[in-house]
Amino acid sequence: MSKTPLKIAIAGLGTVGGGTVELLHDQAETLAARAGRPLTLVGAAALIKPDTAALAGVPFFTDARAMAKECDYDVLVELIGGASGIALEVVRTALERGRSVVTANKAMIAHHGIELARLAEKTGANIGFEASVGGGIPIIKSLREGLSGNHVTKVMGILNGTCNYILTTMRDQGRDFADVLAEAQKLGYAEADPTFDIDGIDTAHKLAILASLAFAMPINLDGVACEGIRHVSALDIGYADELGYRIKLLGVAAVTEAGIEARVYPAMVPLSFPLAHVSGPFNAIVTEGDFVGRTVLEGRGAGARPTASAVVADLMDLACGRVMPAFGVAVDTLEVRPAAPAGAHRSAYYIRLMVKDEPGVFADIAAALRDEKVSMEQIIQRGRAPNQTVPVVMTVHETDEASMLRAVDRLNALASIAEQPRLIRIENL
Ligand code: HSE
């Protein structure tokens, strides 16, 4: 075994940083045997030094910027988080010094990944971000290496453990959204700002990264249409069950004739599809390639130990000299691809209306759909008593989004409709 260690400086000792330090300590012998050299911590930075044997004797910095500039490391592990600020500063410093970077920071990669990969190419450094998407699931390597013989045409998945935990727990325990969100935060799944999770922004960051790798194009975060789970109610979760679906927050990117589609939205997923059965904080990612067909990867999408596993996978690549361009090919060879126009997207839909239970309501609803050429598939209505407000639930056959939205405007204008109609896409797979 070579005596030359891979010298690692770690910036950020929160949930993921703590897990990474623990893994490097607990598995030190195994890692060294597999890499043929030790992986050695030469610096750690955080506001407060954690009291752990794993950091005994490791130089400690309260200023990550000072560590990035002064410490003699081969690789800086950035686990501070945030799209810019100190995280971006320390990463730029490391790359400018020609030192490699490993990060779990999806927001930073989604916003600045191309610029950082270009900087790494210029200075001969490498940048690894396996931990930025899917927690412990090795999806970055899968797309960049394992599927490199394919034209990947679709990548989709459950990419946010917090939302999946909330939707699963609401269904299983019949609990309220806010109560379950607070629990997810306590369990360490949620982002510092939970709106990133529940409004789909975290999923959009991850999807933008996956789409870039899958379709060999520059990251296009602005091209991701994004809708979160705030408006998903217990009522809709119950109807989904009745209709044979589970509601999941999906990120979906696909090559279509109209261009690249990239969207985040809550969807009705048929029980026959594996994603319907991915529960709690788990993530799962489905890819479709022209030679391989469909692949599905599932695993823990958040938390200290799974995410540390992905961080260390990148460190092991560096220790072993297994390096390649961050996005699979040189940044300048990534091809800008047009986005599909909004409104062109085709889907089947679930619609829930709250209506007054009185004569003629169905005729008006049917007319609104007919006028936009939207074809009904199923209807559920259980009356209570005359003149009470009751849910009417419908599914409609595949239609384009623009027609569906116009039909919703027509429904909304009816005097018998008591609330804004709820619309959830049905994912026909
Ligand atoms: N907040 C993220 C999630 C953490 O819930 O999936 C991992 O990126």
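Mentor: Let us begin with the contact itself: 16 residues of domain 2 touch 17 residues of domain 3, where contact means heavy atoms within 4.5 Å. The model is a predicted one, in which local features need pLDDT of at least 70 and side-chain atom pairs count only at pLDDT 80 or more, while totals for chains, interfaces and linings use all residues. Residues are numbered from 1 along each chain as its sequence is written, and side-chain values use heavy atoms, with hydrogens and water left out.

The domain assignment places domain 2 at residues 139–300 and domain 3 at 343–426, with domain 1 at 6–132; such bounds come from an automatic or database assignment. The centres of domain 2 and domain 3, taken over C-alpha atoms, are 26 Å apart. Between these two domains about 1600 Å² is buried, and carbon and sulfur atoms give 57% of this area. Buried area here is the accessible area (1.4 Å probe) that two parts lose on being put together, summed over both. On the side of domain 2, Tyr239, Leu243 and Met268 lose the most area to domain 3, together 34% of what that side buries.

In general, side chains of opposite charge can pair when their charged atoms come close. Between domain 2 and domain 3 there are 3 salt bridges, each defined as a side-chain nitrogen of Lys or Arg within 4 Å of a carboxyl oxygen of Asp or Glu. Arginine 352 and aspartate 236 form a salt bridge through their side chains, at 2.6 Å from N to O.

Which elements build the side of domain 2 that touches domain 3? Those that give two or more residues are α11 (234–243), β9 (245–256) and β10 (259–270). These are DSSP runs numbered from the N terminus: helices (H or I, at least four residues) and strands (E, at least two). β10 gives the most to this side, with 6 residues. By class, the side of domain 2 that touches domain 3 holds 9 nonpolar, 2 polar and 5 charged residues. Ala, Val, Leu, Ile, Met, Phe, Trp, Tyr, Cys and Pro count as nonpolar, Asp, Glu, Lys and Arg as charged, and the others, Gly among them, as polar.
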